[in-house]
Amino acid sequence: MKKYILIFLSFGLGFILFAAALKEVGLKNISLTISELSLWNFFILLGLFLLGLIVSTLRLKVIIETQYPQLFSFSTVFISKTAGAAISYLTPCVLAGGAPFKAYILSKEGKIPIRKTIASIIIENVIFLSIALVFFVIGIIILLNHFTLPVNIIFFLVSVGIISSIVLLFFYYQTMNKGSGGKGFFIFLIEAFCLDKIKAINKIKTNIADVEKDISCFFKYQKTGLFKAVFLAVVEILLFLFTCWLTVIFLGNKLGIGQIISINALMNAVYLVPIPASLGTFEISQAFIFSLFGLSLSSGVAFSLTIRIMNLILAGIGVIFLVFFETKITTEKMSTKT
């Protein structure tokens, strides 16, 4: 019950911030800017978003096939990826909200142990976040070198960069068995914070250790799979940066690659705020950074709304896949009982 109350409150706060952003900038100004976007432009951007999802799907497919000697159909991985992304986008847990659903769908459809799918998803997320962090740091450096930002924003952005770097470096350190007692990242945290005293966590501690063994084996021995996954992560991020650059042009403005990287960096930082779909915070952040670059507030909000529409379309597709999968599972259970 508390979980649903928190989700409701986060949605409420998001709507308040969203409405405030629209009121401050003005619906008329925003609609005029968005009107620059033609139907043809819209479908080009949607196609690029879909292409990014395809690249992301290929990355997960490469990783999971190194974890289990079985070829997965692209459609199976695509459905799990899209459904998981929809849940992540529509809940306050952007980074990991849909991970359990992805693991479950892959396990059921691929008929493999769920520990293999969980390990694959963790590996995929870590690789993507590692590459994204590099671009984040570059974007923040560009911002700090060219603009005098408010102290609270500097503190937030720098804190995100430092904390993310420490967590990822510690993850790699523990994963490569150089940590205390050869323990993996998650087992180390569980024991350090005495979380194994919780019955539910202690019950699955052995399973977590097995997942960490799979993760460690991938990073230590699956060099070809690792290279492919890193390459696809770079391609996905560059593709998204290109999509952002093209969106700005379609809306009647022009920005350089450094500015686009900065916009992406701020976007990633805002995604960490526990509000579903970064509602309101995304619009405010983009209005702020666009104004730094000498563009209108309406351009920033129009840009954020365009990106949001694309994400909502993909999330809608993911929800359809999720409903289809749940219906299929329910039907199978009912047929088994009869």
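## Basis of the model

This is a predicted model, in which local features need pLDDT of at least 70 and side-chain atom pairs count only at pLDDT 80 or more, while totals for chains, interfaces and linings use all residues. Residues are numbered from 1 along each chain as its sequence is written, and side-chain values use heavy atoms, with hydrogens and water left out.

## Helix H10

Helices are DSSP runs (H or I, at least four residues), numbered from the N terminus. Helix H10 covers residues 205-221, and its 17 residues should span 24 Å at 1.5 Å a residue; the expected span is 1.5 Å times one less than the number of residues. The end C-alpha atoms are 24 Å apart, which agrees.

## Phe-185

Phe-185 lies in helix H8 and is buried, with a relative accessible area of 11%. Leaving aside neighbours within four places in sequence, Phe-185 is in contact (heavy atoms within 4.5 Å) with Val-167, Phe-170, Phe-171, Gln-174 and Glu-212. Tyr-172 is 13 residues from Phe-185 in sequence and 8.1 Å away in space, C-alpha to C-alpha.

## Cysteines

The whole structure has zero disulfides, taken as pairs of cysteine sulfur atoms within 2.5 Å.

Key: Helix = DSSP H or I, 4+ residues; strand = E, 2+ residues; numbered from the N terminus. Buried < 20%, exposed > 50% of the residue type's maximum accessible area, 1.4 Å probe, protein only.
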